[in-house]
Amino acid sequence: NFYNKVLEKLSTVPGVQHAGIINTLPLYPGPTSGFRVEGRPVTTPDKWPSVNYRVVSADYFRAMSIPVLQGRAYTNRDDANAPRVMIVNQKLVRDIFPNEDPIGKRITFGNFENQQPVWWEIVGVVANVRSLELREEPMPELYFSFGQDYWPAMSIAVRSSVEPASLSGSLRQIVNEVDKSVPVSGVKTMDHVVSESI
């Protein structure tokens, strides 16, 4: 609720074009997970391919200008009451589904409900991002919807038509209005993030 309210208020600030959230911004190390594809031979988890995973809100890809190449992006309807869905990057498709259409394929991460695997359906493919370092080739990556895979600490990504630094005051004010106990830290442009990474 906190993040949804912040994003809603941010969208009304003059100069803000898109605003989204992510658990780990590009060029920062994030969590990884193994997975298996439905219908493929069942192997032990130690043989499952490993991927970076990120948790994003509906407008994150627009905020970061990451194109959706196939299928769809998330919407606010992809919440806890909706079927479990996910978005993957080009690299994962090339590695795991080289001669197949990934849309509609299902994968699991070894979690169970009522002794049955929990399956997530691929609904979109996005362009690759150099998530760890600029000098490293893109890795297989998947994106969960924030509405379906809650993550307590998130970064807000804002695309603006004005000088980014001029929005920091509005951002702090909005967060303070929603919850005075939440601090805002590490306000940076992506140019700054890239510069720090090298």
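Contact here means that heavy atoms lie within 4.5 Å of each other. The structure is a predicted model, in which local features need pLDDT of at least 70 and side-chain atom pairs count only at pLDDT 80 or more, while totals for chains, interfaces and linings use all residues. Residues are numbered from 1 along each chain as its sequence is written, and side-chain values use heavy atoms, with hydrogens and water left out.

Leaving aside neighbours within four places in sequence, Asp78 is in contact with Arg72, Ala73, Val85, Ser145, Gly147 and Gln148. Asp78 belongs to the loop between β5 (68-71) and β6 (85-89), where helices (H or I, at least four residues) and strands (E, at least two) are DSSP runs numbered from the N terminus. Asp78 counts as buried because its relative accessibility is 6%; buried means under 20% relative accessible area, exposed over 50%, and partly exposed in between, with a 1.4 Å probe and protein chains only. The side chain of Asp78 also reaches the backbone nitrogen of Thr75 at 3.0 Å.

Strand β4 (residues 50-56) has six of its seven residues buried. Its pairings are listed below, two strands being paired if DSSP finds at least two bridges between them.

| Partner of β4 | Sense | Bridges |
|---|---|---|
| β2 (residues 32-34) | antiparallel | three |
| β11 (residues 141-145) | parallel | five |

Within these pairings, Asn52 in β4 is the bridge partner of Thr32, and Arg54 stands opposite Tyr143 in β11.

In helix α4 (residues 168-178), the buried residues are Leu171, Ile174 and Val175. They lie on the same side of α4 because they cover an arc of only 95° around the axis, the arc being that of the directions from the helix axis to the C-beta atoms. The buried residues of α4 pack against α1 (2-10) and β12 (155-160).

Methods: Polar contact = N/O pair within 3.5 Å; in protein donor to acceptor, adjacent residues only side chain to side chain.
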